[in-house]
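Q: Could you walk me through this model? I'd like to start with whatever the database record says, then go on to the fold.

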Amino acid sequence: GVPPATDLVLGATAGCLACFLTNPLEVVKTRLQLQGELQPPGTYARPYRGVLRAVGAVCRADGLAGLQKGLAAGLLYQALMNGFRFYCYSLAEDAGWTGYTGGTVAAGAVAGAVGAFVGSPAYLVKTHLQAQTVSAMAVGHQHNHENITGAFRSIYRQHGVAGLWRGGTGAIPRVTVGSAVQLATFASAKDWVCERQWFRKGSWAAVLAGGMVSSVAVAVAMTPFDVISTRLYNQPVDADGTGKLYRGFLDCILQISSKEGLLGLYKGIGAVYFRLGPHTVLSLFFWDKLRNM
């Protein structure tokens with residue numbers, strides 16, 4: 001192992017490297033999850049249809065650079081969230097908690113909750129910026145920020161420090177579940193393929209195999225929480241910061257389920273996997289290799 005403080009830096013670095021490569025899929029995922037918000041299936045226009053066609057739609061509306069919308073906020077979020085997540089997980093490893101039954105899952109969940117809380121303001125701004133586009137292709141509420149600095153300034157001026165953590169009730173369960181599943185399945189899958197001598201222990205192939213298995217589990221477990229998180233972050237708010245569409249996490253689940261059907265909670269799952277798959281593999285691969293260095 002490495003010292004927890006080193007894991008903070010390595011985790012942040014790994015998350016940022018992965019984010020730079022997968023941010024276009026994050027933009028597409030955000031648009032797909034906001035499309036048809038609180039409307040019954042088949043009753044709304046669909047400017048974004050599937051992952052590949054949505055990529056083309058983003059390029060037509062915002063140019064090629066549109067695929068990297070919100071990149072600065074995304075990098076800040078990954079640095080904060082993954083840095084603190086891996087730092088907390090490293091602390092749990094040093095304390096021996098991951099050696100107990102279920103310890104890896106519990107440590108991953110707690111580490112994810114801490115990371116999500118610290119990174120929540122950056123995720124809020126990232127969601128706002130990635131949803132912004134021309135009116136003909138707009139889905140969800142349009143906040144119309146000029147850039148990341150202007151977004152933070154605008155939110156702070158209107159709603160104070162507390163406003164920067166609006167939507168955190170969706171993000172914390174999202175990352176808690178995702179982190180627990182990711183770290184637990186990654187470690188188990190990596191050990192499993194090595195025990196069967198399919199790949200040599202410590203090899204890049206074993207790391208990638210563990211990450212690929214983990215990404216499937218993470219996408220299935222996280223998509224409903226991801227949809228809820230995107231909706232809570234992007235919804236318009238009153239002057240006092242109260243959401244105009246959803247009162248909170250449970251209300252968001254109930255409204256989506258009743259108006260969009262249960263499949264509404266899995267909107268954009270293809271984009272979620274194509275984003276989480278590479279991101280999980282790359283972030284865990286970079287983290288694992290940087291640790292070994």
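Q: Which residues does the UniProt annotation "repeat: Solcar" cover?
A: According to the unreviewed UniProt entry, that annotation covers residues 2–95, 99–192 and 202–293; feature names are shortened, positions follow the numbering used here, and annotations may be inferred rather than shown by experiment. This is a predicted model, where local features need pLDDT of at least 70 and side-chain atom pairs count only at pLDDT 80 or more, while totals for chains, interfaces and linings use all residues. Residues are numbered from 1 along each chain as its sequence is written, and side-chain values use heavy atoms, leaving out hydrogens and water.

Q: How much helix is in residues 2–95, and how far apart are the ends?
A: That span is 71% helix and 0% strand, with its end C-alpha atoms 13 Å apart, helices being DSSP runs of H or I of at least four residues and strands runs of E of at least two, numbered from the N terminus.

Q: And residues 99–192?
A: There the chain is 74% helix and 0% strand, and the end C-alpha atoms lie 16 Å apart.

Q: Switching to confidence, where is it lowest and where highest?
A: Helix α9 (residues 269–292) is lowest, at a mean pLDDT of 78, and helix α8 (residues 249–260) is highest, at 96; pLDDT is the predictor's confidence in each residue, from 0 to 100. The protein averages 89, and 99% of the residues score at least 70.
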